[in-house]
Structures are given as C-alpha cells and as structure tokens.
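Trainee: I've got a new model open and I'd like to learn how to read it piece by piece. Can you walk me through some features?

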Amino acid sequence: MVFSNNDEGLINKKLPKELLLRIFSFLDIVTLCRCAQISKAWNILALDGSNWQRIDLFNFQTDVEGRVVENISKRCGGFLRKLSLRGCIGVGDSSLKTFAQNCRNIEHLNLNGCTKITDSTCYSLSRFCSKLKHLDLTSCVSITNSSLKGISEGCRNLEYLNLSWCDQITKDGIEALVRGCRGLKALLLRGCTQLEDEALKHIQNYCQELVSLNLQSCSRITDGGVVQICRGCHRLQALCLSGCGNLTDASLTALALNCPRLQILEAARCSHLTDAGFTLLARNCHDLEKMDLEECVLITDSTLVQLSIHCPKLQALSLSHCELITDDGILHLSNSTCGHEKLRVLELDNCLLITDVALEHLENCRGLERLELYDCQQVTRAGIKRMRAQLPHVKVHAYFAPVTPPTAVGGSGHRLCRCCVIL
C-alpha cells in the first residue's frame with residue numbers, strides 16, 4: 001500500500017472528520033479501497049466500519065475466500081447491516097461462524113449459491129444474529145430441516161427467507177420454521193420437491209402476515225394445500241404455482257374468494273386451469289398486475305375478456321403456448337383500460353392462431369415495451385414492421401421457421417436459414 005507523505009492536504013484541513021466520513025459513506029467498495037491508498041488519514045477514514053454497513057461481493061465472487069469474509073467481519077463489526085455473498089462458492093461454515101460472531105447486527109444476508117455451507121452456518125446465525133430479517137439460502141443444497149429448526153429458535157425477526165432448490169427440506173422443517181418465525185412476509189420454496197400439502201397447512205396456521213409465496217416446481221402440491229394457504233393468508237399479494245401440475249380451478253376459486261389483494265400470479269404449466277377459474281379470479285382480484293399463464297392450454301379468449309374488464313392494472317401477461325388464443329382476445333385486451341394505460345409486456349410465443357391482425361390491435365397499447373412472438377406462424381415480417389411504425393419503442397422478439405421455396409423440375413430445394421428477429 002502506498003501513502004503520500006503529506007496527510008495534511010487541503011481537504012483534510014478544511015473539513016472535519018465527521019463530514020469526511022459522511023462523504024465516504026456514499027462510495028462503493030472499489031472506490032473505498034482506492035481511497036484507502038491515498039494517504040494514512042484517508043486509509044483510516046475509508047476503512048472506518050461505519051462506511052461498510054452494506055457490502056455486495058458478487059462482482060468479486062471468484063476471488064472471495066473465507067478469510068476475506070472473516071477480515072470484513074472484523075473490520076465492520078457491529079456496523080454491518082447488509083452483506084451479499086451471492087455466488088461466493090469458496091466461503092464455508094468456518095468463516096461464516098466468525099462472521100456471525102463479529103457482526104451481530106446483520107439484518108440482510110444473501111448466501112445464494114454458497115454451496116459449501118451446511119446446517120452449521122444456520123446454527124451460527126441462530127446463536128449470534130437475532131436481528132436477521134432477510135436470509136437467502138438459494139441452492140445451498142446441504143441445508144436440511146435442522147437448519148430451519150435453528151433459525152426458528154434464534155432468528156424470530158425473520159421476514160424474508162429463500163430456500164429455493166434446497167431439496168432436502170420437508171414438511172417437518174417448514175413446521176419448525178413457522179412456529180418460531182411467525183412474522184414471515186416472503187417465503188420462497190422453488191424446487192423444494194419433497195413438500196406436500198401438509199407443509200402449506202403449517203404455513204397457514206402460523207404465517208398470517210405472509211405477502212409472497214413461491215411454490216414453483218413443488219409438484220406434490222394439490223388444490224387442498226393451496227386452499228389452506230388462501231384461507232389463512234388473506235394478505236397474499238404474490239403467488240407462484242408454476243409447475244404445480246396437479247392444480248385445478250379449485251385453487252383459482254380459493255384465491256378469488258380469499259385473496260383480494262393478489263397482484264402477481266404465476267401459473268405456468270398448470271395445464272388443468274380453465275376459463276371458469278380465471279373468470280372468477282378476475283372478477284374478485286382487481287389489483288392483478290402480472291400473470292404468467294404459459295402452457296395453460298385450456299384457456300381461450302374468454303379469459304382475456306374477463307381480464308380486460310376487471311383487471312385495469314395489468315402490466316405483464318404471458319400467454320405463450322396458449323394455442324386457443326385468437327386475434328379477438330387480443331382485440332379485447334388492447335381496447336381495455338389496462339391495454340391503453342398499463343400493459344408493458346405481452347408474451348404470445350407459440351400462439352398459433354395469432355395473425356398480423358392482432359398486431360394491428362396492439363397499436364392501441366401505447367405503453368407496450370416488449371412483445372414476444374416466437375413461432376407465431378401466421379405473423380409476418382410486414383405485420384411487425386407496420387406495428388413498429390406506430391410503436392417504435394417496442395422490442396419485438398420473433399422467430400420465423402425455415403422456408404423451402406419452390407424449385408424447378410429436376411432442381412434441389414434450398415432451405416433458408418432460421419431467423420430470430422429482435423426489432
């Protein structure tokens with residue numbers, strides 16, 4: 001480290017230490033480290049723990065080893081409130097134990113992809129980090145029910161927990177968790193494939209404050225589990241059920257009757273859902289802003305009619321692989337309040353009945369920012385160009401299948417290149 005011989009620069013003389021510290025508090029990690037090499041005085045200021053309340057090491061993930069985390073924890077101590085180690089695969093239980101001991105005021109901790117950690121890390125957090133509110137354990141595949149038991153005993157202020165792809169978690173772990181962490185507002189359980197309806201019953205019993213729940217690819221979940229969640233969690237605003245292939249309209253009915261604040265519903269690949277379920281949902285959940293209905297293959301234009309009438313706040317809608325949707329459905333959507341004022345994203349991949357006429361209707365959607373048209377075989381380049389003449393800011397993603405032009409007698413066909421158009 002190189003320091004100047006003159007620590008009494010003008011700025012150091014004119015500004016008090018407290019004001020200099022305030023200025024340094026707005027700098028990122030890289031800039032702070034550079035400032036620390038300017039002079040001895042700046043080294044002290046830059047490395048003051050008060051400047052290191054929020055740290056994100058994602059951009060340095062390949063270089064971060066356990067000792068780095070230990071050194072940071074010793075430097076920051078009780079000042080540190082937020083730390084992201086996302087993708088830092090070199091960090092393990094030992095260094096995180098040291099971190100937990102030194103940084104007892106931590107509130108937000110992201111360990112997404114830290115695949116070396118085990119239940120031991122959760123024991124350390126439980127013992128020393130009682131103020132923890134936000135914990136991300138995505139893809140920490142060694143985590144078991146024991147971790148959730150520990151968290152429930154020591155981290156009772158927890159509001160957000162991401163356990164996505166922690167596939168050793170079962171209903172017993174969820175029960176232990178929610179008994180202690182009753183203030184949970186967001187619980188993400190994507191890819192926790194062992195979970196069944198009984199786990200949702202435990203959530204219903206203890207987590208009345210829940211606002212966001214993600215059950216993507218929890219393929220054992222049935223309507224019974226979703227009904228229980230809806231009856232106990234009336235504040236629910238975001239629900240992901242994508243990949244829960246057993247669900248029927250009974251789940252949509254439960255949402256419609258119990259969760260009027262719902263804003264986001266992801267139900268991709270729920271192929272048993274029909275217009276009847278979405279009609280009831282639209283008539284009761286007027287705050288819907290985002291819906292993913294990809295591969296809900298039974299829905300028709302009727303669903304779009306109901307969304308157009310009852311959901312004026314709709315901003316993003318995926319209908320990819322909904323092959324019964326036609327230009328008439330898009331007409332209703334584009335002429336609605338949400339079409340005129342709110343709609344930003346529309347995905348129509350593999351909607352085989354959509355033609356250039358739908359693009360003409362979408363010219364009414366002045367706020368549209370992105371349109372997906374992959375494998376819409378009746379949509380043409382000319383139709384896209386005409387629409388973009390009216391909506392020049394829209395990004396259109398389209399895919400045109402190979403074409404074999406007619407050939408002369410005795411000649412050979414030439415297969416044209418596939419084309420992905422982003423306009």
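Trainee: Let's begin with Leu 353: where is Leu 353 found?

Mentor: Leu 353 sits in the loop between β12 and α17. Bear in mind that we're looking at a predicted model.

Trainee: Is Leu 353 buried, exposed or partly exposed?

Mentor: You judge that from relative accessibility, where buried is under 20% and exposed is over 50%. Leu 353 comes out at 39%, so it counts as partly exposed.

Trainee: And what does Leu 353 touch, not counting residues up to four places away in sequence?

Mentor: Glu 323, Leu 324, Ile 325, Thr 326, Asp 327 and Gln 378.

Trainee: What share of the contacts in the protein chain join residues at least 24 apart?

Mentor: If you take contacts between residues at least 6 apart in sequence, 77% of them join residues at least 24 apart. As for the overall make-up, the protein chain has 18 helices and 15 strands, and 50% of its 423 residues count as buried.

Trainee: Now helices. How do I describe two that pack together?

Mentor: You give the angle between their axes and the distance between the axes.

Trainee: Which residues of α14 and α15 meet?

Mentor: From α14 you have Asp 301, Leu 304, Val 305 and Ser 308; they meet Asp 328, Gly 329, Ile 330, His 332 and Leu 333 in α15. Sorted by class, that contact has four nonpolar, three polar and two charged residues.

Trainee: Which residues of α15 are buried?

Mentor: Asp 327, Gly 329, Ile 330, Leu 333 and Ser 334. Look down the axis of α15 and these buried residues fall within an arc of 155 degrees, so they line one face of the helix.

Trainee: What covers the buried residues of α15?

Mentor: The cover includes α14, β11, α16 (337–341), β12 (345–347) and α17 (356–362).

Trainee: Next, backbone torsions. What should I look for in phi?

Mentor: Most residues other than glycine have a negative phi. His 321 has a positive one, near 65 degrees. You'll find His 321 in the loop between β11 (316–318) and α15, and at 27% relative accessibility it counts as partly exposed.

Trainee: What about Ser 217: what is its phi near?

Mentor: Near 65 degrees, again a positive value in a residue other than glycine. Ser 217 belongs to the loop between β7 and α11 and counts as partly exposed, at 21% relative accessibility.

Trainee: What does Ser 219 touch, not counting residues up to four places away in sequence?

Mentor: Gly 243 and Asn 246. Ser 219 is found in the loop between β7 and α11 (223–232), and its 39% relative accessibility makes it partly exposed. Its C-alpha atom is separated by 9.1 Å from that of Ser 242, 23 residues apart along the chain.

Trainee: Moving on to strand β7, is Asn 214 buried or exposed?

Mentor: Asn 214, which lies in strand β7 (residues 212–214), counts as buried at 13% relative accessibility. A polar atom of its side chain lies 2.9 Å from the backbone nitrogen of Gln 216. Leaving aside neighbours within four places in sequence, Asn 214 is in contact with Leu 187, Leu 188, Leu 189, Arg 190 and Cys 240.

Definitions and conventions
Residues numbered from 1 in each chain as written. Predicted model: local features only at pLDDT ≥ 70, side-chain atom pairs only at ≥ 80, totals over all residues. Heavy atoms only, no water. Contact = heavy atoms within 4.5 Å. Helix = DSSP H or I, 4+ residues; strand = E, 2+ residues; numbered from the N terminus. Nonpolar A, V, L, I, M, F, W, Y, C, P; charged D, E, K, R; others polar. Buried < 20%, exposed > 50% of the residue type's maximum accessible area, 1.4 Å probe, protein only. Polar contact = N/O pair within 3.5 Å; in protein donor to acceptor, adjacent residues only side chain to side chain. Arc of directions from axis to C-beta.
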